[in-house]
Amino acid sequence: MQKLSTLLYLAWKSVLNRRLAALLTVLSIACSVTLLLGVERISQTARSSFISTVAGTDLIVGARSGQIQLLLYSVFRLGDATNNIDWQSYQKIAKHPEITWTIPISLGDSHRGYRVMGTTQDYFEHFRYGSEQHLQLAQGQRFSGLFDVVLGAEVAQKLGYGLGQQIVIAHGSSTVNTFVHDDKPFQVVGILQRTGTPVDRTLHMSLQGIEAIHVDWQNGAPPRAEDSLSSTQVSQMDLTPKTITAFLVGLKSKLGIFSVQREVNNYRGEPLLAILPGVALQQLWQLIGIADLALRVISSFVVLVGLLGMLTVILTSLNERRREMAILRSVGASPWHIFGLLQLEALLLALFGCVLGVIFLYVLLWLAAPLLAQHLGLWLVFTGLSHYDWIVLMGIALAALLIGILPAWRAYHHALSDGLTIRL
Amino acid sequence: MSECLAIENLQFAWTDQAPLLNLPSLHVEQGEKVFLQGASGSGKTTLLGLMGGVLQPQQGTIRILGHDLQQFSQSGRDIFRAAHIGFIFQLFNLLPYLSVLDNVLLPCRFSLRRRERVESQGITPTQEAKRLLEHLQLNPNTYQRPVTDISVGQQQRVAVARALIGQPELLMADEPTSALDADTRDAFIALLLQECQITQTAVVFVSHDTHLAKHFERCIRL
């Protein structure tokens, strides 16, 4: 112990003596540590934000297709449904005794690239995201009239819309729209608070509103001028939708999930698919997790580069320090002490790099948190170092020791061959 | 007086070279002051390496305080050297990143025996280091300064203090005065020998400069 503290003391003093090179080495290790841990933090946050895009929903039901496809269009507003669900089928299933609530959604139209979604008041009552949060209105109120629309936060912000704004809905989801429902304009009555989920990029209206703009359409084509109906005419009609795109289901008890899922999947009226959103989200994340892995591999290499920089600094210092080694030998240091001295030096540099890197990480997270929340809807959680972080840090220290063997071994051999003679 | 250093039939060559050193016999009694004179390249420094147990002779024996250095393991020789031998070199004796005082304390950090010998007198290594530095006429306000701040003559005196702390039985000096001018040279040697006299430390002083031989009891040519 006495020897170890002596070596530690000498290593420390020696590093201090070469403080500029040491500082640069520590900085490069620190930056690589920050990158590695930061990538992990952000990917964790992105993952949990992704996984909690829907919360509290037990099942999502749509026309039979793939699990991920259903998830993509019903939750992420990506891609299109292959088929719709008959309104009668929906009504029938919604009455299932295990089911507490359902949220029907009807997709297909858009406004300047943002998807329009028809739904009911139940959406505001039961839809949850994140850690079971309900949607909150930032301004205005829920839609109640036929031509009312409630905007997601991003839609309002990017398009610069406020309450009372008149907008027209385009048919289909393409941004280059050929058919525009310009005969039936909608009015913005509410704007939702930011959620960091696809809700921010959606325009919400009633199912009846969706029905109203399509009621005079014939076989998927816009009406001829003489057949088209005005907004007032339409509002007199029965606007119960004939079909919806999908619906979200909340159950009385989680225990019922699999039996209800089975019943929906075996529904005789038409081919339907019920999925567990959590499972489907996990599966989808695994698909896009490749990018995540690539980032991690790259940042691991950056750490390696940092450590190799340290190796270079120590190795180049060795020659000018042969005299120092000879002096230490003359006062009683063995070649193994010299070896240990250089190992400790590598360890010290790596440890300082790690400590500084962690400090950088928290400063950076603190600075970046508001930006990430505002622009990407990612909510960084300030937690201490995780188990993973500690393993990474210890891995770096271990790698430094392994890399440090090279200069230590060289110094050991110098010490043996030079002895007390300083041959320069 | 008993024997401190005994060398018999010593031969040493660096790899693939003609023997550099051939020393049939060398004996130094305890407390004796010996001047070892040899021209440059006569293997003086190599001899110090051999006597310090850092180099291995191809032939012959080296006994220090009755112990054959060849009988020790590598680490055993390191421990033995640290405990019983103090070294002073030509130049650059000191670690540039330590203070004067910390340089003097180094042997006590590496050798338990030398620390214990200081402590057996009822004083701490730091007190002993300060005492030695004072004896060697170093100004107390230099003790905490980096060694790069003081003159070469002062540095060599710090090296003497470091070699003598913990009372090693043998002090080996390799041209310690070559960087000093004539006046300070004699004063330095006088001070060195006076300190060694007090502690009864044997001295092997290696130099090419025959003028210095007058300070010593015995002069041997290599």
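The accessible surface of chain B comes to about 9100 Å², and carbon and sulfur atoms hold 50% of that; these areas are from the Shrake-Rupley method with a 1.4 Å probe, and for residues only the protein chains shown count as cover. Chain A exposes about 19800 Å², with 62% supplied by carbon and sulfur.

A quick word on conventions. This is a predicted model, where local features need pLDDT of at least 70 and side-chain atom pairs count only at pLDDT 80 or more, while totals for chains, interfaces and linings use all residues. Residues are numbered from 1 along each chain as its sequence is written, chains are lettered from A and ligands numbered from 1 in the order in which they are written, and side-chain values use heavy atoms, leaving out hydrogens and water.

Let's stay with chain B for a moment. Its secondary structure is seven helices and nine strands; these are DSSP runs numbered from the N terminus, H or I of at least four residues for helices and E of at least two for strands. The radius of gyration of chain B is 17 Å, which agrees with the value near 17 Å for a compact globule of 222 residues. That radius is taken over C-alpha atoms, and the globule rule is 2.2 Å times the number of residues to the power 0.38. Along the principal axes, the C-alpha trace of chain B spans about 50 × 35 × 35 Å. Of the 222 residues in chain B, 56% are buried, where buried means under 20% relative accessible area, exposed over 50% and partly exposed in between, with a 1.4 Å probe and protein chains only. Helix α3 of chain B, residues 100-110, is mostly covered, with ten of its eleven residues buried; among them are D102(B), N103(B) and F110(B).

Now, friends, over to chain A. Here we have 13 helices and 15 strands. What radius of gyration would a compact globule of 424 residues have, and what does chain A have? The globule would be near 22 Å, but chain A has 32 Å. The C-alpha atoms of chain A fill a box of roughly 105 × 45 × 30 Å along the principal axes. Buried residues make up 51% of chain A. Among contacts with a separation of 6 or more, 79% in chain A join residues 24 or more positions apart, a contact being heavy atoms within 4.5 Å.

Let me zoom in on a few residues. T202(A) sits in strand β12, residues 202-206, and counts as buried because its relative accessibility is 0%. The side chain of T202(A) makes a polar contact of 2.8 Å with the side chain of R77(A). A polar contact is a pair of N or O atoms within 3.5 Å; within protein, one must be able to donate a hydrogen and the other to accept it, and residues adjacent in sequence count only if both atoms are side-chain atoms. Beyond four places in sequence, the contacts of T202(A) include R115(A), M117(A) and V155(A).

W12(A) is in helix α1, residues 2-17, and is partly exposed at 36% relative accessibility. Leaving aside neighbours within four places, W12(A) is in contact with L348(A) and F352(A). W12(A) and E345(A) are 333 residues apart along the chain, yet their C-alpha atoms are separated by 7.2 Å.

Last stop, helix α11 of chain A, residues 322-330: eight of its nine residues are buried, including R322(A), E324(A) and R329(A). After α11(A) comes G332(A), with a positive phi near 115°.
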